Amino acid sequence: KDGESHFDTLLRPFVIGNLAYAEDPSVVKRCLELYEKAKKPEDLPSDIRSIIYSVAVREHGEPVTTKLLRWYKITASADERVNLCAGISNIRDPKIAEQMMDLLTTKTVKLQDVFYWYIYFIRSRHGRDAAWDWMRDNWGWIEKNFGGDHDYGFFPKYSSGAFSTREEYAQYKSFFEGKIKEPGLTRVIQQGYEDIETRMLWRERDLES
């Protein structure tokens with residue numbers, strides 16, 4: 001809005017994003033209207049672009065995912081690729097989520113974008129299992145391409161952030177206990193154990209109430 005404060009400009013996408021996440025009907029309707037009119041990413045407001053993508057994917061599924069993936073392949077903007085990835089990760093179909101994760105080891109997804117794809121999918125309630133399975137199945141590939149890099153430790157770090165049950169804790173520990181002595185992973189895996197355990201105990205204590 002003309003003359004608004006800098007803080008209002010920053011606050012608006014945060015408010016809209018939370019309303020979209022809560023499936024507020026008016027926000028969902030407006031996001032879909034904007035998406036339908038857009039012929040290219042630049043037709044959408046940059047500060048809420050990823051929100052619009054996410055709503056469209058959530059509401060319409062595979063057709064939108066296919067379109068956003070096409071935009072992802074042709075854009076030269078790193079920031080826009082992140083926006084598109086965030087939107088695509090909102091897919092609710094587990095099979096499509098698996099297909100999207102399988103792209104990470106192909107030329108479709110740039111190596112520098114792999115981490116963004118993983119973090120968005122592992123944080124998604126519908127894509128989490130696909131991301132977790134992909135990481136375990138492709139750890140050798142991850143080690144080859146990221147071993148020794150700063151991003152290497154992000155895989156156990158953000159994986160732990162997605163888990164909160166004893167079963168998930170057991171899965172996490174089973175996979176990472178053999179890697180805890182690898183350079184760059186020791187501390188982050190130990191923190192992962194503590195992170196999941198804290199959330200697990202909190203959940204068991206307070207979930208019923």
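Let's begin at Arg199: with a relative accessibility of 22%, this residue counts as partly exposed. Keep in mind that you are looking at a predicted model.

**Stop 1: around Arg199**

The side chains of Asp195 and Arg199 meet in a salt bridge, at 2.9 Å from N to O. Both residues belong to helix 12 (residues 186-206), where they sit four residues apart, about one turn of the helix. An α-helix has 3.6 residues a turn, so residues three or four places apart point the same way. Asp195 is partly exposed too, with a relative accessible area of 28%.

**Stop 2: Arg205 and Asp206**

Now select Asp206 and Arg205. Their side chains form a salt bridge of 2.7 Å, N to O. Is Arg205 exposed or buried? Arg205 counts as exposed, at 62% relative accessibility, while Asp206, at 29%, counts as partly exposed. For a network, select Lys29, Arg30 and Glu33, which are joined by salt bridges that share partners.

**Stop 3: a link across the sequence**

Next, pick Glu23 and Arg92. Here the side chains meet in a salt bridge of 2.8 Å, N to O. Glu23 lies in the loop between helix 1 (6-21) and helix 2 (25-37), and Arg92 in the loop between helix 5 and helix 6, so the pair ties together parts that are 69 residues apart in sequence. Glu23 is partly exposed at 38% relative accessibility, and Arg92 is partly exposed at 39%. How many salt bridges does the structure hold? There are 13.

**Stop 4: into helix 7**

Select residues 114-122, which make up helix 7. Seven of the nine residues are buried, so helix 7 is largely enclosed by the rest of the structure. Colour the buried ones: Val114, Phe115, Trp117, Tyr118, Ile119, Phe121 and Ile122. Then show what they pack against: helix 4 (62-74), helix 5 (78-88), helix 6 (94-102), helix 8 (128-137), helix 9 (139-146) and helix 10 (154-160).

**Stop 5: zoom out**

Finally, show the whole chain as a cartoon. You will find 12 helices and zero strands. Along the principal axes, the C-alpha atoms fill a box of roughly 55 × 45 × 35 Å. A compact globule of 209 residues would have a radius of gyration near 17 Å, and the chain's 19 Å agrees with that. Buried residues make up 44% of the 209 residues.

Notes. Residues numbered from 1 in each chain as written. Predicted model: local features only at pLDDT ≥ 70, side-chain atom pairs only at ≥ 80, totals over all residues. Heavy atoms only, no water. Helix = DSSP H or I, 4+ residues; strand = E, 2+ residues; numbered from the N terminus. Rg over C-alpha atoms; globule rule 2.2 N^0.38 Å. Buried < 20%, exposed > 50% of the residue type's maximum accessible area, 1.4 Å probe, protein only. Contact = heavy atoms within 4.5 Å. Salt bridge = Lys/Arg side-chain N within 4 Å of Asp/Glu carboxyl O.
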